[in-house]
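Hi,

Here is the structure I promised. Please open it first, then read my notes below.

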Amino acid sequence: MVYYAGVDLGATNVRAVVAEADGTRIGVSRRSTPRGPTGIDVTEGVLRTLRGACSEAGIDPNRITAAGIGSIGPFDLAEGAVIDPANLPDSIDRIPLTGPISKLIDSDDVYLHNDTTAGVIGERFHAASNPDDMVYITISSGIGAGVCSDGRIVSGWDGNAGEVGHYVVDPHGRLTCGCGHDGHWEAYCSGNAIPDFARLLADDDPTIATDLPLEGPEFTAKDVFDLAGEDELADYVIDQLAHWNAIGVTNVIHAFAPIVVSFGGAVALHNEELVVDPIRERVSEMVMTNVPEIHVTELGDDVVVEGALASALTEGTGDRRRLRG
């Protein structure tokens, strides 16, 4: 029997799945992403998660033929590592991935992708029509995109293509991104950034009434969405998020001309009516080329790990037409 694995390393959680050659899952594991203190601690968390999926599948890790990884970036592909991730503590400067996983499974067939690239692989692999031009956008703790153009996955020479969350959408640069630069899309609309954006808008107009716990240590993006329709500031924040999101998505559409744009990530998945619907409405008025179909992924939180698994099943390409029996 031949086995394959997929791993999703996110800023919040690590997921791993083990599957048979036809893609049937037989082992699943999920853990919180270690917060350090070093990158090696994160690597160990990834390995524990993959071992957990193997244990549930009832196999030793060295029986896995190939593994795919969808991970937060940016990457050093030569070393198969994440370097200076924006959404983890500053003490984490390098997270080795392909080498340790290759050693664990005793195979050199380990494929590392940006998490959004894995997302578009998963979307294309499972799509009914297998579209040749599509984009997967995640709005979660960060923002990024995976791109398939003319049937080819666009990953870049260094694996860092698709970092659209670092498009400059605000030339005034009033908010600083986790990467250290100003005015990025991610600095306004990501789950991690929304509380700071709400505070900025409240400071701009102190007359806006609100019950949001702006100065509370536990204030999160969820608080904003939970008060939608009931709180003046929350509604204003959501409207302004739609503005910046529409600009970002319009830039993506003009750059890649996709037929389909699929959304994932916690912010989009849990708030479709408040996040994705307004993007759909505004983009149709902003795009000067063809307006793509815009929807939320049907794979939910599993889209990245499914893409990583598809990459392993199809020798790193994610093209189901190359699926081995």
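A word on terms first: each axis is a line fitted to C-alpha atoms, for helices over the stretch in contact, and angles are taken between N-to-C directions. Bear in mind that this is a predicted model.

Helices H3 and H10

H3 covers residues 115–126 and H10 covers residues 303–313. Their axes lie 7 Å apart, at an angle of about 75°. Angles of 65 to 115 degrees count as roughly perpendicular, so H3 and H10 are roughly perpendicular to each other. On the H3 side, the contact includes Ile121 and Phe125. On the H10 side, Val304 and Leu313 are among the residues. The contact residues split into 8 nonpolar, 5 polar and 3 charged.

Helices H7 and H9

H7 runs over residues 232–256, H9 over residues 272–286. Here the axes come within 8 Å and cross at roughly 55°. That makes the pair oblique. The crossing is right-handed. H7 brings residues including Ile238, Ala242 and Val249. H9 meets them with a set that includes Leu274, Ile279 and Met286. This contact has 12 nonpolar, 4 polar and 2 charged residues.

Cysteines

How many disulfides are there? The count is 0. A pair of sulfurs has to be within 2.5 Å to qualify. For Cys179, the nearest cysteine sulfur belongs to Cys177, 3.8 Å away. Cys179 is partly exposed, at 33% relative accessible area. For Cys189, the closest cysteine sulfur is also in Cys177, but 11 Å away, too far for a bond. Cys189 is buried, with 1% relative accessibility.

Best wishes

Technical notes:
Residues numbered from 1 in each chain as written. Predicted model: local features only at pLDDT ≥ 70, side-chain atom pairs only at ≥ 80, totals over all residues. Heavy atoms only, no water. Axes fitted to C-alpha atoms, helices over the stretch in contact; angles between N-to-C directions. Helix = DSSP H or I, 4+ residues; strand = E, 2+ residues; numbered from the N terminus. Parallel < 35°, antiparallel > 145°, perpendicular 65-115°, else oblique. Contact = heavy atoms within 4.5 Å. Nonpolar A, V, L, I, M, F, W, Y, C, P; charged D, E, K, R; others polar. Left-handed = near helix turned anticlockwise from the far one by under 90°. Buried < 20%, exposed > 50% of the residue type's maximum accessible area, 1.4 Å probe, protein only.
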